Amino acid sequence: MTVLHPETGASTPKTVKPNESTHAFTGLGDTNQLNPMFARAGEATDFPLDRIPDGESLPETAYQIVHDEAMLDGNARLNLATFVGTWMDPYASKLYAETADKNMIDKDEYPQTAAIETRCWTMLASLWNAPSAENAIGTSTIGSSEACMLGGLALKRRWQLARRAADKSTDKPNLILSSAVQVCWEKFCNYWDVEARYVPITDEHRVLDGFELEKYVDENTIGVVAIMGVTYTGMYEPVAQIAEALDRIQADTGLDVKIHVDGASGGMIAPFLQPELEWDFRVERVVSISTSAHKYGLVYPGLGWVVWRTVDDLPEELVFDVTYLGGHMPTFALNFSRPGAQVLLQYYLFLRLGRDGYYKVQKASQDVALYLSGEIARMDAFELWNDGSDIPVFAWQLTPGHTENWNLYHLSERLRLKGWLIPAYPMPDSISDLTVQRIVVRNGLSRNLAESLVEDIKEAVDYLDRLESPMPTEGLRSSFTH
Ligand SMILES: Cc1ncc(COP(=O)(O)O)c(C=O)c1O
(Lines give C-alpha, C1' and ligand atoms only; values in the text may rest on other atoms or scores of the structure.)
Protein backbone atom coordinates (compact mmCIF):
# COMPACT_ATOMS: atom_id res chain seq x y z
CA MET A 1 0.00 0.00 0.00
CA THR A 2 1.28 3.49 -0.80
CA VAL A 3 0.68 6.29 1.64
CA LEU A 4 0.48 9.75 0.03
CA HIS A 5 1.58 12.76 2.00
CA PRO A 6 -1.64 14.82 2.17
CA GLU A 7 0.06 18.14 1.40
CA THR A 8 3.06 17.37 -0.83
CA GLY A 9 1.59 14.31 -2.49
CA ALA A 10 4.95 12.52 -2.06
CA SER A 11 4.58 8.79 -1.83
CA THR A 12 5.97 6.57 0.93
CA PRO A 13 5.69 2.91 0.06
CA LYS A 14 4.67 0.93 3.11
CA THR A 15 2.82 -2.30 3.75
CA VAL A 16 0.09 -1.94 6.32
CA LYS A 17 -2.06 -4.73 7.70
CA PRO A 18 -5.67 -4.04 8.56
CA ASN A 19 -6.05 -2.54 12.04
CA GLU A 20 -2.34 -1.73 12.20
CA SER A 21 -1.43 1.85 12.94
CA THR A 22 1.07 3.51 10.60
CA HIS A 23 2.74 5.21 13.52
CA ALA A 24 3.43 4.79 17.23
CA PHE A 25 0.55 3.77 19.50
CA THR A 26 -0.11 7.33 20.62
CA GLY A 27 -1.09 7.95 17.03
CA LEU A 28 -0.64 11.64 17.56
CA GLY A 29 3.00 12.01 16.43
CA ASP A 30 2.51 12.50 12.72
CA THR A 31 -0.57 14.67 12.47
CA ASN A 32 -0.34 14.63 8.68
CA GLN A 33 -1.48 11.08 8.79
CA LEU A 34 -4.45 11.72 11.04
CA ASN A 35 -6.71 13.18 8.39
CA PRO A 36 -9.07 12.61 6.78
CA MET A 37 -10.75 10.45 9.38
CA PHE A 38 -11.77 6.98 8.18
CA ALA A 39 -9.55 7.18 5.10
CA ARG A 40 -6.13 6.78 6.63
CA ALA A 41 -3.80 4.02 5.62
CA GLY A 42 -4.44 0.85 7.52
CA GLU A 43 -7.46 2.24 9.29
CA ALA A 44 -10.17 -0.31 9.85
CA THR A 45 -13.62 1.19 10.01
CA ASP A 46 -15.53 -1.99 9.38
CA PHE A 47 -15.57 -3.50 12.83
CA PRO A 48 -17.20 -6.85 13.60
CA LEU A 49 -20.41 -6.50 15.60
CA ASP A 50 -20.44 -9.91 17.22
CA ARG A 51 -16.92 -10.35 18.59
CA ILE A 52 -14.08 -8.22 19.90
CA PRO A 53 -11.93 -7.16 16.92
CA ASP A 54 -8.61 -9.00 16.64
CA GLY A 55 -6.44 -5.90 16.42
CA GLU A 56 -6.18 -2.49 17.98
CA SER A 57 -7.39 0.73 16.45
CA LEU A 58 -6.40 4.32 16.95
CA PRO A 59 -8.15 5.88 19.94
CA GLU A 60 -9.61 8.70 17.86
CA THR A 61 -10.99 6.23 15.33
CA ALA A 62 -12.63 4.08 17.99
CA TYR A 63 -13.92 7.21 19.70
CA GLN A 64 -15.39 8.57 16.49
CA ILE A 65 -17.11 5.30 15.66
CA VAL A 66 -18.79 5.10 19.07
CA HIS A 67 -19.57 8.81 19.09
CA ASP A 68 -21.20 8.56 15.67
CA GLU A 69 -23.27 5.52 16.59
CA ALA A 70 -24.55 7.35 19.68
CA MET A 71 -25.70 10.15 17.33
CA LEU A 72 -28.27 7.72 15.95
CA ASP A 73 -30.09 7.72 19.30
CA GLY A 74 -32.86 10.25 19.66
CA ASN A 75 -31.94 13.74 20.85
CA ALA A 76 -32.04 13.42 24.65
CA ARG A 77 -33.25 17.01 25.12
CA LEU A 78 -36.27 16.41 22.88
CA ASN A 79 -37.04 13.15 24.69
CA LEU A 80 -40.22 14.08 26.54
CA ALA A 81 -40.83 10.43 27.40
CA THR A 82 -38.16 10.07 30.04
CA PHE A 83 -38.19 11.28 33.63
CA VAL A 84 -34.43 10.98 33.76
CA GLY A 85 -32.13 14.01 33.75
CA THR A 86 -30.62 14.96 30.41
CA TRP A 87 -28.88 18.17 31.36
CA MET A 88 -26.36 19.25 33.99
CA ASP A 89 -24.25 22.38 34.10
CA PRO A 90 -20.55 22.48 33.05
CA TYR A 91 -19.30 22.37 36.68
CA ALA A 92 -21.25 19.16 37.19
CA SER A 93 -19.76 17.73 33.99
CA LYS A 94 -16.27 18.68 35.22
CA LEU A 95 -16.88 17.05 38.60
CA TYR A 96 -18.31 13.98 36.89
CA ALA A 97 -15.22 13.56 34.71
CA GLU A 98 -12.94 14.05 37.74
CA THR A 99 -14.71 11.47 39.89
CA ALA A 100 -15.87 8.86 37.38
CA ASP A 101 -13.38 6.38 38.86
CA LYS A 102 -14.89 6.24 42.35
CA ASN A 103 -16.59 3.08 43.52
CA MET A 104 -19.31 3.75 46.05
CA ILE A 105 -18.70 0.49 47.93
CA ASP A 106 -15.03 1.27 48.63
CA LYS A 107 -15.91 3.21 51.75
CA ASP A 108 -12.47 2.60 53.23
CA GLU A 109 -10.64 3.91 50.14
CA TYR A 110 -13.06 6.79 49.49
CA PRO A 111 -14.14 7.80 53.00
CA GLN A 112 -15.07 11.32 51.91
CA THR A 113 -17.46 10.07 49.24
CA ALA A 114 -18.96 7.77 51.89
CA ALA A 115 -19.33 10.69 54.29
CA ILE A 116 -20.97 12.78 51.57
CA GLU A 117 -23.41 9.95 50.83
CA THR A 118 -24.46 9.99 54.50
CA ARG A 119 -24.77 13.77 54.43
CA CYS A 120 -27.05 13.57 51.37
CA TRP A 121 -29.53 11.05 52.78
CA THR A 122 -29.54 12.87 56.10
CA MET A 123 -30.46 16.05 54.19
CA LEU A 124 -33.25 14.11 52.48
CA ALA A 125 -34.50 12.75 55.83
CA SER A 126 -34.83 16.31 57.00
CA LEU A 127 -36.34 17.50 53.68
CA TRP A 128 -38.94 14.74 54.09
CA ASN A 129 -39.65 15.76 57.68
CA ALA A 130 -38.30 12.74 59.55
CA PRO A 131 -38.97 13.26 63.28
CA SER A 132 -35.18 13.29 63.77
CA ALA A 133 -32.83 13.26 60.79
CA GLU A 134 -30.03 11.90 63.03
CA ASN A 135 -32.17 8.94 64.02
CA ALA A 136 -33.23 8.18 60.43
CA ILE A 137 -31.28 5.78 58.23
CA GLY A 138 -30.84 5.71 54.48
CA THR A 139 -28.64 4.83 51.57
CA SER A 140 -27.94 5.71 47.99
CA THR A 141 -28.92 3.19 45.33
CA ILE A 142 -28.56 2.84 41.58
CA GLY A 143 -32.04 4.30 41.07
CA SER A 144 -35.60 4.11 42.36
CA SER A 145 -35.98 0.47 41.38
CA GLU A 146 -33.27 -0.65 43.79
CA ALA A 147 -34.53 1.82 46.38
CA CYS A 148 -38.08 0.40 46.10
CA MET A 149 -36.74 -3.17 46.37
CA LEU A 150 -34.96 -2.24 49.60
CA GLY A 151 -38.07 -0.50 50.95
CA GLY A 152 -40.15 -3.56 50.07
CA LEU A 153 -37.63 -5.98 51.58
CA ALA A 154 -37.64 -4.05 54.85
CA LEU A 155 -41.47 -4.20 54.95
CA LYS A 156 -41.39 -7.92 54.27
CA ARG A 157 -38.76 -8.69 56.90
CA ARG A 158 -40.50 -6.53 59.49
CA TRP A 159 -43.74 -8.44 58.86
CA GLN A 160 -41.93 -11.81 58.98
CA LEU A 161 -40.31 -10.97 62.33
CA ALA A 162 -43.64 -9.98 63.84
CA ARG A 163 -45.36 -13.09 62.49
CA ARG A 164 -42.61 -15.42 63.72
CA ALA A 165 -42.68 -13.78 67.14
CA ALA A 166 -46.42 -14.52 67.27
CA ASP A 167 -45.81 -18.09 66.03
CA LYS A 168 -47.78 -17.45 62.85
CA SER A 169 -47.14 -18.52 59.26
CA THR A 170 -45.01 -16.37 56.97
CA ASP A 171 -45.94 -18.31 53.82
CA LYS A 172 -48.15 -15.82 52.03
CA PRO A 173 -47.01 -12.20 52.22
CA ASN A 174 -48.90 -9.69 50.09
CA LEU A 175 -48.31 -6.07 49.13
CA ILE A 176 -51.03 -3.60 48.16
CA LEU A 177 -50.42 -1.44 45.12
CA SER A 178 -52.26 0.63 42.56
CA SER A 179 -52.72 -1.11 39.20
CA ALA A 180 -50.76 1.85 37.75
CA VAL A 181 -47.67 0.99 39.76
CA GLN A 182 -44.24 1.13 38.12
CA VAL A 183 -42.85 -2.18 36.87
CA CYS A 184 -40.16 -2.25 39.60
CA TRP A 185 -42.91 -3.22 42.08
CA GLU A 186 -44.07 -6.08 39.87
CA LYS A 187 -40.45 -7.20 39.83
CA PHE A 188 -40.20 -6.88 43.60
CA CYS A 189 -43.26 -9.09 44.10
CA ASN A 190 -42.03 -11.60 41.53
CA TYR A 191 -38.41 -11.79 42.74
CA TRP A 192 -39.23 -11.96 46.45
CA ASP A 193 -42.34 -14.14 46.33
CA VAL A 194 -44.81 -11.57 47.50
CA GLU A 195 -48.39 -11.58 46.20
CA ALA A 196 -49.14 -8.27 44.45
CA ARG A 197 -52.65 -7.07 45.30
CA TYR A 198 -53.51 -4.47 42.72
CA VAL A 199 -56.21 -1.93 43.43
CA PRO A 200 -57.58 -1.06 39.97
CA ILE A 201 -57.56 2.57 38.95
CA THR A 202 -60.74 3.72 37.27
CA ASP A 203 -62.17 6.90 35.84
CA GLU A 204 -63.65 7.74 39.31
CA HIS A 205 -60.55 6.66 41.28
CA ARG A 206 -57.68 7.75 39.06
CA VAL A 207 -55.14 6.92 41.75
CA LEU A 208 -54.94 4.67 44.81
CA ASP A 209 -56.90 6.76 47.31
CA GLY A 210 -57.90 4.36 50.08
CA PHE A 211 -61.23 3.47 48.45
CA GLU A 212 -62.27 -0.04 49.53
CA LEU A 213 -58.78 -0.68 50.91
CA GLU A 214 -60.28 -2.94 53.59
CA LYS A 215 -61.08 -5.45 50.82
CA TYR A 216 -57.37 -5.91 50.15
CA VAL A 217 -55.74 -5.79 53.59
CA ASP A 218 -55.38 -8.91 55.72
CA GLU A 219 -52.97 -10.35 58.28
CA ASN A 220 -50.50 -11.22 55.50
CA THR A 221 -50.23 -7.66 54.19
CA ILE A 222 -46.64 -6.46 54.51
CA GLY A 223 -47.48 -2.89 53.51
CA VAL A 224 -49.09 -0.46 51.08
CA VAL A 225 -47.18 1.41 48.39
CA ALA A 226 -48.26 5.00 47.75
CA ILE A 227 -46.86 6.67 44.64
CA MET A 228 -45.97 10.33 44.58
CA GLY A 229 -46.14 10.89 40.88
CA VAL A 230 -47.80 7.91 39.15
CA THR A 231 -45.63 7.01 36.18
CA TYR A 232 -48.54 6.81 33.72
CA THR A 233 -49.88 10.29 34.44
CA GLY A 234 -47.79 12.15 37.02
CA MET A 235 -50.64 12.35 39.55
CA TYR A 236 -49.97 12.17 43.30
CA GLU A 237 -51.62 9.47 45.39
CA PRO A 238 -53.11 11.03 48.55
CA VAL A 239 -50.79 9.49 51.13
CA ALA A 240 -52.53 11.02 54.16
CA GLN A 241 -55.92 9.75 52.92
CA ILE A 242 -54.50 6.25 52.41
CA ALA A 243 -53.07 6.41 55.96
CA GLU A 244 -56.49 7.39 57.32
CA ALA A 245 -58.06 4.38 55.60
CA LEU A 246 -55.38 2.20 57.24
CA ASP A 247 -56.12 3.83 60.62
CA ARG A 248 -59.76 2.79 60.26
CA ILE A 249 -58.70 -0.72 59.27
CA GLN A 250 -56.46 -0.91 62.33
CA ALA A 251 -59.28 0.27 64.58
CA ASP A 252 -61.52 -2.48 63.15
CA THR A 253 -59.06 -5.35 62.87
CA GLY A 254 -55.97 -4.51 64.92
CA LEU A 255 -53.76 -4.83 61.80
CA ASP A 256 -51.03 -2.18 61.78
CA VAL A 257 -50.10 -1.79 58.10
CA LYS A 258 -47.29 0.61 57.15
CA ILE A 259 -46.73 2.67 53.98
CA HIS A 260 -43.72 2.93 51.70
CA VAL A 261 -43.89 6.08 49.56
CA ASP A 262 -42.49 5.61 46.07
CA GLY A 263 -41.50 9.23 45.49
CA ALA A 264 -39.45 8.44 42.37
CA SER A 265 -40.36 11.84 40.92
CA GLY A 266 -42.51 13.60 43.52
CA GLY A 267 -40.00 13.07 46.33
CA MET A 268 -37.97 15.88 44.80
CA ILE A 269 -40.93 18.01 43.65
CA ALA A 270 -43.45 18.06 46.50
CA PRO A 271 -41.06 19.46 49.16
CA PHE A 272 -40.44 22.50 46.94
CA LEU A 273 -43.69 23.06 45.04
CA GLN A 274 -46.28 21.71 47.50
CA PRO A 275 -44.59 22.13 50.91
CA GLU A 276 -47.96 22.10 52.73
CA LEU A 277 -48.97 18.72 51.30
CA GLU A 278 -48.51 16.02 53.97
CA TRP A 279 -47.25 12.96 52.17
CA ASP A 280 -43.88 12.30 53.85
CA PHE A 281 -42.73 11.35 57.38
CA ARG A 282 -45.27 13.83 58.75
CA VAL A 283 -47.72 10.99 58.05
CA GLU A 284 -46.95 8.55 60.86
CA ARG A 285 -47.66 5.41 58.88
CA VAL A 286 -44.97 6.27 56.36
CA VAL A 287 -41.93 4.20 57.35
CA SER A 288 -39.81 4.65 54.23
CA ILE A 289 -39.52 6.91 51.19
CA SER A 290 -37.58 6.38 47.97
CA THR A 291 -36.73 8.72 45.13
CA SER A 292 -34.69 8.81 41.92
CA ALA A 293 -31.91 11.37 42.20
CA HIS A 294 -31.63 11.07 38.42
CA LYS A 295 -35.19 12.34 37.92
CA TYR A 296 -36.16 15.59 39.64
CA GLY A 297 -33.08 15.29 41.89
CA LEU A 298 -31.50 16.62 38.65
CA VAL A 299 -28.48 14.26 38.56
CA TYR A 300 -27.41 12.25 35.49
CA PRO A 301 -28.61 8.60 35.43
CA GLY A 302 -27.47 6.14 38.03
CA LEU A 303 -28.63 7.37 41.44
CA GLY A 304 -31.56 6.84 43.79
CA TRP A 305 -32.16 7.24 47.53
CA VAL A 306 -34.17 5.45 50.17
CA VAL A 307 -34.65 6.69 53.73
CA TRP A 308 -36.34 5.01 56.70
CA ARG A 309 -38.13 7.09 59.34
CA THR A 310 -35.95 5.64 62.15
CA VAL A 311 -33.22 3.03 62.47
CA ASP A 312 -35.82 0.74 64.05
CA ASP A 313 -37.82 0.67 60.81
CA LEU A 314 -34.99 -1.07 58.98
CA PRO A 315 -34.60 -4.59 60.42
CA GLU A 316 -31.04 -4.89 61.65
CA GLU A 317 -30.47 -8.30 60.14
CA LEU A 318 -30.76 -6.85 56.59
CA VAL A 319 -27.78 -4.60 57.18
CA PHE A 320 -24.22 -5.72 56.37
CA ASP A 321 -21.00 -4.18 57.62
CA VAL A 322 -18.21 -2.99 55.33
CA THR A 323 -14.85 -1.81 56.56
CA TYR A 324 -14.69 1.93 56.84
CA LEU A 325 -11.65 3.83 58.07
CA GLY A 326 -10.61 0.87 60.14
CA GLY A 327 -14.13 0.75 61.60
CA HIS A 328 -17.40 -0.44 60.16
CA MET A 329 -20.02 1.12 57.96
CA PRO A 330 -23.52 -0.37 57.64
CA THR A 331 -24.68 -1.09 54.08
CA PHE A 332 -27.98 -2.30 52.71
CA ALA A 333 -27.89 -2.65 48.94
CA LEU A 334 -28.49 -5.13 46.13
CA ASN A 335 -25.40 -4.08 44.18
CA PHE A 336 -21.85 -4.20 45.47
CA SER A 337 -19.78 -1.96 43.18
CA ARG A 338 -21.45 1.06 41.64
CA PRO A 339 -20.46 4.59 40.67
CA GLY A 340 -19.74 7.07 43.45
CA ALA A 341 -19.59 10.10 41.13
CA GLN A 342 -23.35 10.58 41.05
CA VAL A 343 -23.45 10.89 44.83
CA LEU A 344 -20.93 13.73 44.57
CA LEU A 345 -23.03 15.31 41.82
CA GLN A 346 -26.08 15.17 44.09
CA TYR A 347 -24.12 16.88 46.85
CA TYR A 348 -22.89 19.48 44.35
CA LEU A 349 -26.50 20.25 43.42
CA PHE A 350 -27.64 20.45 47.05
CA LEU A 351 -24.90 23.04 47.66
CA ARG A 352 -25.28 24.80 44.32
CA LEU A 353 -29.05 25.13 44.29
CA GLY A 354 -30.10 24.99 47.92
CA ARG A 355 -33.82 24.84 48.62
CA ASP A 356 -34.40 28.14 46.79
CA GLY A 357 -32.68 26.93 43.65
CA TYR A 358 -34.56 23.64 43.64
CA TYR A 359 -37.80 25.58 44.02
CA LYS A 360 -36.94 27.80 41.05
CA VAL A 361 -35.93 24.93 38.78
CA GLN A 362 -38.99 22.79 39.63
CA LYS A 363 -41.31 25.81 39.36
CA ALA A 364 -39.95 26.62 35.91
CA SER A 365 -40.71 23.04 34.81
CA GLN A 366 -44.17 23.22 36.30
CA ASP A 367 -44.91 26.54 34.56
CA VAL A 368 -43.96 24.97 31.23
CA ALA A 369 -46.08 21.88 31.99
CA LEU A 370 -49.11 24.02 32.84
CA TYR A 371 -48.59 26.12 29.71
CA LEU A 372 -48.39 22.98 27.53
CA SER A 373 -51.35 21.24 29.16
CA GLY A 374 -53.39 24.46 28.80
CA GLU A 375 -52.61 24.65 25.08
CA ILE A 376 -53.40 20.96 24.56
CA ALA A 377 -56.67 21.28 26.51
CA ARG A 378 -57.69 24.08 24.11
CA MET A 379 -57.41 21.78 21.07
CA ASP A 380 -60.71 20.12 20.09
CA ALA A 381 -58.97 16.83 19.44
CA PHE A 382 -57.90 16.28 23.05
CA GLU A 383 -59.11 15.92 26.62
CA LEU A 384 -56.67 16.19 29.48
CA TRP A 385 -56.37 13.34 31.97
CA ASN A 386 -54.46 15.66 34.34
CA ASP A 387 -52.71 19.02 33.96
CA GLY A 388 -49.19 18.69 35.42
CA SER A 389 -49.89 20.56 38.65
CA ASP A 390 -48.59 17.68 40.82
CA ILE A 391 -45.28 16.74 39.20
CA PRO A 392 -44.72 18.55 35.87
CA VAL A 393 -46.04 15.58 33.93
CA PHE A 394 -49.42 15.28 32.27
CA ALA A 395 -51.36 12.97 30.00
CA TRP A 396 -54.22 13.41 27.58
CA GLN A 397 -56.57 11.28 25.52
CA LEU A 398 -58.33 11.76 22.19
CA THR A 399 -61.72 13.42 22.58
CA PRO A 400 -64.23 10.56 22.16
CA GLY A 401 -65.77 10.74 18.69
CA HIS A 402 -63.18 13.21 17.38
CA THR A 403 -61.95 11.01 14.55
CA GLU A 404 -61.94 7.51 13.10
CA ASN A 405 -58.94 8.24 10.91
CA TRP A 406 -56.07 8.46 13.39
CA ASN A 407 -55.11 7.82 16.97
CA LEU A 408 -52.48 9.00 19.45
CA TYR A 409 -49.92 6.50 18.14
CA HIS A 410 -50.13 8.22 14.76
CA LEU A 411 -49.66 11.59 16.42
CA SER A 412 -46.66 10.23 18.31
CA GLU A 413 -45.15 9.06 15.00
CA ARG A 414 -45.73 12.41 13.28
CA LEU A 415 -44.11 14.28 16.16
CA ARG A 416 -41.10 11.98 15.87
CA LEU A 417 -40.57 13.40 12.37
CA LYS A 418 -39.78 16.69 14.10
CA GLY A 419 -37.53 15.00 16.67
CA TRP A 420 -40.01 15.02 19.58
CA LEU A 421 -40.28 11.77 21.52
CA ILE A 422 -43.75 11.81 23.09
CA PRO A 423 -45.05 8.31 23.85
CA ALA A 424 -48.60 7.02 23.48
CA TYR A 425 -49.57 3.94 25.46
CA PRO A 426 -52.54 2.10 26.93
CA MET A 427 -53.47 2.72 30.57
CA PRO A 428 -53.10 -0.22 33.00
CA ASP A 429 -55.22 -3.39 32.87
CA SER A 430 -58.31 -2.03 34.56
CA ILE A 431 -58.75 0.67 31.87
CA SER A 432 -56.45 -0.65 29.15
CA ASP A 433 -58.88 0.26 26.36
CA LEU A 434 -57.95 3.88 27.02
CA THR A 435 -54.88 5.22 25.21
CA VAL A 436 -53.13 8.31 26.50
CA GLN A 437 -50.15 10.37 25.49
CA ARG A 438 -47.80 11.85 28.07
CA ILE A 439 -45.31 14.69 28.32
CA VAL A 440 -42.66 14.79 31.04
CA VAL A 441 -41.37 18.34 31.45
CA ARG A 442 -37.83 18.42 32.81
CA ASN A 443 -35.27 21.06 33.55
CA GLY A 444 -34.06 22.08 30.08
CA LEU A 445 -37.42 22.22 28.28
CA SER A 446 -37.67 25.97 27.97
CA ARG A 447 -40.83 27.95 27.33
CA ASN A 448 -39.44 28.73 23.85
CA LEU A 449 -39.01 25.06 23.00
CA ALA A 450 -42.46 24.37 24.45
CA GLU A 451 -43.98 26.99 22.13
CA SER A 452 -42.34 25.27 19.16
CA LEU A 453 -43.75 21.97 20.39
CA VAL A 454 -47.28 23.41 20.53
CA GLU A 455 -46.90 24.59 16.92
CA ASP A 456 -45.66 21.15 15.89
CA ILE A 457 -48.58 19.42 17.64
CA LYS A 458 -51.07 21.78 15.94
CA GLU A 459 -49.49 21.16 12.58
CA ALA A 460 -49.53 17.38 13.08
CA VAL A 461 -53.17 17.41 14.19
CA ASP A 462 -54.11 19.60 11.25
CA TYR A 463 -52.44 17.14 8.87
CA LEU A 464 -54.10 14.12 10.51
CA ASP A 465 -57.51 15.79 10.63
CA ARG A 466 -57.37 16.45 6.88
CA LEU A 467 -56.93 12.76 6.05
CA GLU A 468 -59.77 11.43 3.94
CA SER A 469 -59.40 7.82 5.02
CA PRO A 470 -58.06 6.02 8.10
CA MET A 471 -54.31 5.71 8.69
CA PRO A 472 -53.07 2.12 8.69
CA THR A 473 -52.83 0.72 12.20
CA GLU A 474 -50.52 -2.19 11.44
CA GLY A 475 -47.18 -2.12 13.22
CA LEU A 476 -48.20 0.64 15.62
CA ARG A 477 -46.78 -0.02 19.02
CA SER A 478 -46.71 1.48 22.46
CA SER A 479 -43.52 3.45 22.99
CA PHE A 480 -43.84 3.22 26.75
CA THR A 481 -42.37 0.27 28.51
CA HIS A 482 -42.07 1.30 32.15
C1 LIG B 1 -43.18 5.81 40.36
C2 LIG B 1 -41.89 5.19 39.88
N3 LIG B 1 -41.27 4.28 40.65
C4 LIG B 1 -40.11 3.71 40.29
C5 LIG B 1 -39.51 4.02 39.09
C6 LIG B 1 -38.21 3.36 38.70
O7 LIG B 1 -37.21 4.32 38.74
P8 LIG B 1 -35.72 4.09 38.24
O9 LIG B 1 -35.77 4.24 36.76
O10 LIG B 1 -34.97 5.19 38.93
O11 LIG B 1 -35.28 2.73 38.68
C12 LIG B 1 -40.12 4.96 38.24
C13 LIG B 1 -39.52 5.30 36.93
O14 LIG B 1 -40.12 5.94 36.09
C15 LIG B 1 -41.33 5.56 38.66
O16 LIG B 1 -41.95 6.48 37.89
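Axes are lines fitted to C-alpha atoms, for helices over the stretch in contact, and angles are taken between N-to-C directions on a scale from 0 to 180 degrees. The structure described here is a predicted model, in which local features need pLDDT of at least 70 and side-chain atom pairs count only at pLDDT 80 or more, whereas totals for chains, interfaces and linings use all residues. Residues are numbered from 1 along each chain as its sequence is written. Helices (H or I, at least four residues) and strands (E, at least two) are DSSP runs, numbered from the N terminus.

The axes of helix α8 (residues 341-378) and helix α10 come within 10 Å and cross at roughly 15°. This angle makes α8 roughly parallel to α10, given that angles under 35 degrees count as roughly parallel, over 145 as roughly antiparallel, 65 to 115 as roughly perpendicular and the rest as oblique. The crossing of α8 and α10 is right-handed; a crossing is so termed if the near helix is turned clockwise from the far one by less than a right angle, and left-handed if anticlockwise. In this contact (C-beta atoms, placed from the backbone, within 7 Å), V368, Y371, L372 and E375 of α8 meet R447, A450, L453 and V454 of α10. The contact of α8 with α10 comprises six nonpolar, no polar and two charged residues, where Ala, Val, Leu, Ile, Met, Phe, Trp, Tyr, Cys and Pro count as nonpolar, Asp, Glu, Lys and Arg as charged, and the others, Gly among them, as polar.

Helix α9 (residues 408-417) also packs against α10 (residues 447-465): their axes come within 10 Å and cross at roughly 125°. Helix α9 is therefore oblique to α10, and their crossing is right-handed. From α9, H410, L411, R414 and L415 meet D456, I457, A460, V461, Y463 and L464 of α10. Seven nonpolar, one polar and two charged residues form this contact.

Seven strands form an open sheet of mixed pairing, in the order β3-β9-β8-β7-β6-β4-β5. Its edge strands, β3 (137-141) and β5 (195-199), each pair on one side only, pairing being defined by at least two DSSP bridges between two strands. The twist from one strand to the next averages 20°. Within the sheet, β7 (residues 259-262) and β8 (residues 286-292) run parallel and are joined by four bridges, with V261 opposite I289 in β8.

The ligand is surrounded by 16 residues, the closest being G143, S144, S145, Q182 and A264; a residue is near a molecule if its C-beta atom, placed from the backbone, lies within 6 Å of it. Helix α4 (residues 144-165) gives the most to this shell, with three residues. By class, the shell has five nonpolar, 10 polar and one charged residue.

Conventions. Two residues are in contact if their C-beta atoms, placed from the backbone, lie within 7 Å.
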